[in-house]
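Here are my notes on this model, as numbered points. Please read them with the coordinates open.

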Amino acid sequence: MKCIDVENKLIFYLEGDLKTQDNIFIEKHLDHCGKCRKLFDALQATWSVMDDEKAMTPDPFVYNRIMARLESSGMKKKKAGPIGIPRLVRVAAIVLLLVLAGFTGTLLGSKYVQNNLLPEDLDPYEYYAQEFYLDSYADESIEYYILNQNEYEDENGK
Amino acid sequence: MIESDLVKRLQKGEEEAFRELVGDVYHEVVKIATGFLHNRADAEDIAQDVMVEVYRSIRKFRGDASLTTWIYRIAVNKSLNAIRKTKRQNLHADVIEISDKAVEHNPNQETQTENEERAKVLHKALDALPKNQRMAFVLAKYEDMSYQQIAAVMETSLSSIESLMHRAKKNLQKKLLNYYKKNVY
Ligand SMILES: [Zn+2]
């Protein structure tokens, strides 16, 4: 094989496209022909650039970047809520929460009133004491208290 | 992935399915675009564009080709469009050609690393390939696709791809060896 024949087959040799016979010939030629060897080495080095270019460092934010592009292109609406709940569902959920809150409030309130009215499990003495401390001034109007304040003070020795 | 399931979920607008798809094909698309554009930033830009296009058009996907074949076809088209755009922009700029006589040994280039120099030479040789040879070559070498898969993406026969690949390699060899003979020895 002449140098020119080898040159014309170098890329196919590099790519493993040749038949065994040709492979052996070229291998032998490259072993003793420095000129062809240099060309082959250069070709191989250039070829390896492709491997370097293919090496990837994965970008963990790719999905977010694509989503941002979709949103800015108007293809995809910005996420409705923190977990993308449809608007109608969100409105319904808020209304339901308000109703539930009102209902809970009424229920708790009525229970409190009920406790005061019917202190069934309260010891009668305790109940009496509670009534006394809480409501000892119940019959006295604020006007009456202010009008008679001096009297009280006098009574207390002022 | 079980493709038909994924397609159904994508067509229903399932976001998790799209996330899976991005995980599966994004880097492959970047590799293809790199083969055409020779620049990672541009390739990423194209790849993200491709994924947006896939999201936009998935309802039109009828399954005549496989999902990845369809996506890679979009990647090739978008890459070629981007090249066309930059070519138009550089129409009046000085373009250094690698032809048999145009490349003189430039002493300034000696400061560049050998790898950068090699990359430059390879890119110019690739850019000089006829469009179809270039498409076949990029899909084979940058995406490691089989000739059968390339034939599907390019909608042609296996034997056409074999012929395109043979001619692409021959053309590249000619350009590269001419360059080495003039500049290295
Ligand atoms: Zn030789």
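1. Interface size. The contact between the chains takes 36 residues from chain B and 36 residues from chain A; contact means heavy atoms within 4.5 Å. Chain B and chain A bury about 3600 Å² between them, with 64% of it on carbon and sulfur atoms. Buried area is the accessible area (1.4 Å probe) that two parts lose on being put together, summed over both.

2. Basis. This is a predicted model, where local features need pLDDT of at least 70, side-chain atom pairs count only at pLDDT 80 or more, and totals for chains, interfaces and linings use all residues. Residues are numbered from 1 along each chain as its sequence is written, chains are lettered from A and ligands numbered from 1 in the order in which they are written, and side-chain values use heavy atoms, leaving out hydrogens and water.

3. Seven salt bridges are counted between chain B and chain A (a side-chain nitrogen of Lys or Arg within 4 Å of a carboxyl oxygen of Asp or Glu). Arg69(A) and Asp45(B) meet in a salt bridge through their side chains, at 2.5 Å, N to O. On chain B, the elements that give two or more residues to the side touching chain A are helix 2 (15-37), helix 3 (40-57), helix 5 (114-127), helix 6 (131-141) and helix 8 (158-183). Helices are DSSP runs (H or I, at least four residues), numbered from the N terminus.

4. Zinc site. Which residues hold the zinc ion as protein donors? They are Cys3(A) (SG), His29(A) (NE2), Cys33(A) (SG) and Cys36(A) (SG), lying 2.1 to 2.3 Å from the ion. Donors are N, O and S atoms within 2.8 Å of the metal (3.2 Å for Na, K and Ca); water is not among the atoms, so sites may look incomplete. The four donor atoms subtend angles of 102 to 115 degrees, which makes the arrangement tetrahedral (four donors, all angles between 85 and 135 degrees).

5. The donor residues are spaced C-x25-H-x3-C-x2-C in sequence. Cys3(A) lies in helix 1 (residues 3-14) of chain A, and Cys33(A) in the loop between helix 2 (20-32) and helix 3 (34-54) of chain A, so the pair ties together parts that are 30 residues apart in sequence.

6. Cys33(A) is buried at 11% relative accessibility. Cys3(A) is partly exposed, at 27% relative accessible area. Buried means under 20% relative accessible area, exposed over 50%, partly exposed in between (1.4 Å probe, protein chains only).

Technical notes: Four donors count as tetrahedral if all angles lie between 85 and 135 degrees; four count as square planar and six as octahedral if opposite donors are over 155 degrees apart and all others between 65 and 115; anything else is irregular.
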